[in-house]
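I am opening a notebook page on a structure that is new to me. I will go from the whole chain to single residues and write down what I looked up.

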Amino acid sequence: MSGILSMLEDSRLIERVWFDDDLAFVIGISGVTKIEIYGECGSNAFVPWVAVYQGEEIWQRFPASMCGIQYPLED
């Protein structure tokens, strides 16, 4: 095993997600409080999706395959 976790197993905080058209969701900007990866049912397996929160409510959802994901750098 290479030691790389699947997106559904990775529990690190997500700082930012972005799309090819320069749209981005960033923690602390436009009310975004949290970004999480979770699984939606796909063909014979769970598929990674992104949930973007404002406060405690999910504000946006989309397949993780549509965006880039950035984790905070560790010190």
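I began with the surface: the accessible surface of the protein chain comes to about 5,600 Å², and 52% of that belongs to carbon and sulfur atoms. These areas come from the Shrake-Rupley method with a 1.4 Å probe, and for residues only the protein chains shown count as cover.

Before going on, I noted what kind of model this is. It is a predicted model, in which local features need pLDDT of at least 70 and side-chain atom pairs count only at pLDDT 80 or more, while totals for chains, interfaces and linings use all residues. Residues are numbered from 1 along each chain as its sequence is written, and side-chain values use heavy atoms, with hydrogens and water left out.

**Entry: the chain as a whole**

I looked up the secondary structure and found six strands and zero helices in the protein chain, so named because helices (H or I, at least four residues) and strands (E, at least two) are DSSP runs, numbered from the N terminus. Read from the N terminus on, the order of elements is β-β-β-β-β-β. Taken along the principal axes, the C-alpha atoms fill a box of roughly 35 × 35 × 25 Å.

I then asked what share of the 75 residues is buried. The share is 24%, where buried means under 20% relative accessible area, exposed over 50%, and partly exposed in between (1.4 Å probe, protein chains only). For contacts, meaning heavy atoms within 4.5 Å, I took the pairs at least 6 apart in sequence, and 37% of them join residues at least 24 apart.

For the charges, I noted that the mean positions of the 4 positive and 12 negative ones are 2 Å apart. Lys and Arg count as positive and Asp and Glu as negative, with His and the chain ends not counted; the place of a charge is NZ of Lys, CZ of Arg, CG of Asp or CD of Glu.

**Entry: the nonpolar core**

In soluble globular proteins, nonpolar side chains tend to be buried together. I therefore looked for a nonpolar core, which is a set of buried Ala, Val, Leu, Ile, Met, Phe, Trp, Tyr and Cys residues joined through side-chain atoms within 4.5 Å. The largest one has 13 residues, and those with the most contacts inside it are Val17, Phe25, Ile35, Val50, Phe62, Cys67 and Ile69. The elements that give two or more residues to this core are β3 (32-41) and β4 (46-54), and the largest share, three residues, comes from β3.

Ile35 is found in strand β3, and I list it as buried because its relative accessible area is 5%. Leaving aside neighbours within four places in sequence, Ile35 is in contact with residues including Ile14, Val17, Phe25, Ile27 and Val50. I also noted that the C-alpha atoms of Ile35 and Ile58, 23 residues apart along the chain, are separated by 9.1 Å.

Ile69 has its place in strand β6 (residues 68-70), and beyond four places in sequence its contacts include Met7, Val17, Trp18 and Ile37. Between the C-alpha atoms of Ile69 and Ala24, 45 residues apart along the chain, I read 9.8 Å.

Trp49 lies in strand β4 and is partly exposed, because its relative accessible area is 25%. Not counting residues up to four places away, Trp49 touches several residues, among them Glu36, Tyr38, Arg61, Phe62 and Pro63.

Is Asp10 buried or exposed? At 18% relative accessibility, Asp10 counts as buried, and its place is in the segment before β1 (16-18). Its side chain makes a polar contact with the side chain of Arg12 (2.8 Å). A polar contact is a pair of N or O atoms within 3.5 Å; within protein, one must be able to donate a hydrogen and the other to accept it, and residues adjacent in sequence count only if both atoms are side-chain atoms. Beyond four places in sequence, Asp10 touches Leu5 and Tyr71.

**Entry: two positive phi values**

Asp22, in the loop between β1 and β2 (24-26), has a positive phi near 75° although this residue is not a glycine; at 71% relative accessibility, Asp22 counts as exposed. Ser30, in the loop between β2 and β3, is likewise not a glycine and has a positive phi of about 60°. Ser30 counts as exposed because its relative accessibility is 58%.
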